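Biologist: I would like to learn how to read the features of a model like this one. Please show it, then take me through the terms.

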Amino acid sequence: MRTIVHLLRHGEVQNPAKILYGRLPGFQLSGLGQQMAKAAATALADRDITYLVSSPLERAQQTALPFAEQLGLDVHIDPNLIESGNYFEGMRVGAGDGALRDPRHWWVLRNPMTPSWGEPYRLIAARMILALHAAREHARGHEAVCVSHQLPIWTLRMALEGRRLWHDPRRRQCGLASLTSFVFEGDQLAQITYSEPAAHLGTGAGRGA
């Protein structure tokens, strides 16, 4: 019996101040982000999706809406799908500006392997594995869509592929509105695939995604 769980990263967020918004409330999809969400829903329109679940953050729930409307499904909420915690939340962290230039913050960067500036990778992986298997159980024999965020999705993928969890953020394969799909045969993970149904709209990495 095959079950597929699609981990969907949310679409582009309206963020004119270019801060790392993390878990802050009030950050919603931009107009482009809404188009991205619709493109992802269209890409899965013919799939056997029976369960839809989202991170509690607004941008993730907004990304789930086109799926709910298209499939006639309720959007369930799983706190385990939430964005990772981060010391720099609410700050500008872009190259050449913001908090990373301030020596008062440098102590936080002491250990990139944990990482010292945020939620430990091992805890992110553990909660995302719980979310993945919860969705698999709900959709057993069918397919599920889980809307989450870049770092949690990438950490989950690395954990299940047996790779080290610490990494260069610039090398994550997890564009905006991308799908990282986990294919199960029975209870065993058989395959992980990746696609970008909104790539034609532009899918940069984004801050605090």
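Modeller: Val 183 has Gln 191 of strand 6 as its bridge partner. The model is predicted, so local features need pLDDT of at least 70 and side-chain atom pairs pLDDT 80 or more, while totals for chains, interfaces and linings use all residues. Residues are numbered from 1 along each chain as its sequence is written, and side-chain values use heavy atoms, without hydrogens or water.

Biologist: How many bridges join strand 5 to strand 6?

Modeller: In general, strands of a sheet pair through backbone hydrogen bonds, parallel or antiparallel. Pairing here requires at least two DSSP bridges; strands (E) are DSSP runs of at least two residues, helices (H or I) of at least four, numbered from the N terminus. Strands 5 and 6 run antiparallel and are joined by seven bridges. The open sheet has six strands, ordered 3-2-4-1-5-6, with mixed pairing. Strands 3 and 6 are at the edges with a single partner each, so one side of each lacks a neighbour in the sheet.

Biologist: Which residues of helix 3 are buried?

Modeller: Buried means under 20% relative accessible area, exposed over 50%, and partly exposed in between (1.4 Å probe, protein chains only). In helix 3 the buried residues include Tyr 121, Ile 124, Met 128 and Leu 132. Their cover, by contact (heavy atoms within 4.5 Å), includes strands 1, 2, 4 and 5 and helix 4.

Biologist: Is Trp 106 buried, exposed or partly exposed?

Modeller: Trp 106 counts as partly exposed because its relative accessibility is 48%. Trp 106 lies in the loop between strand 3 and helix 3.
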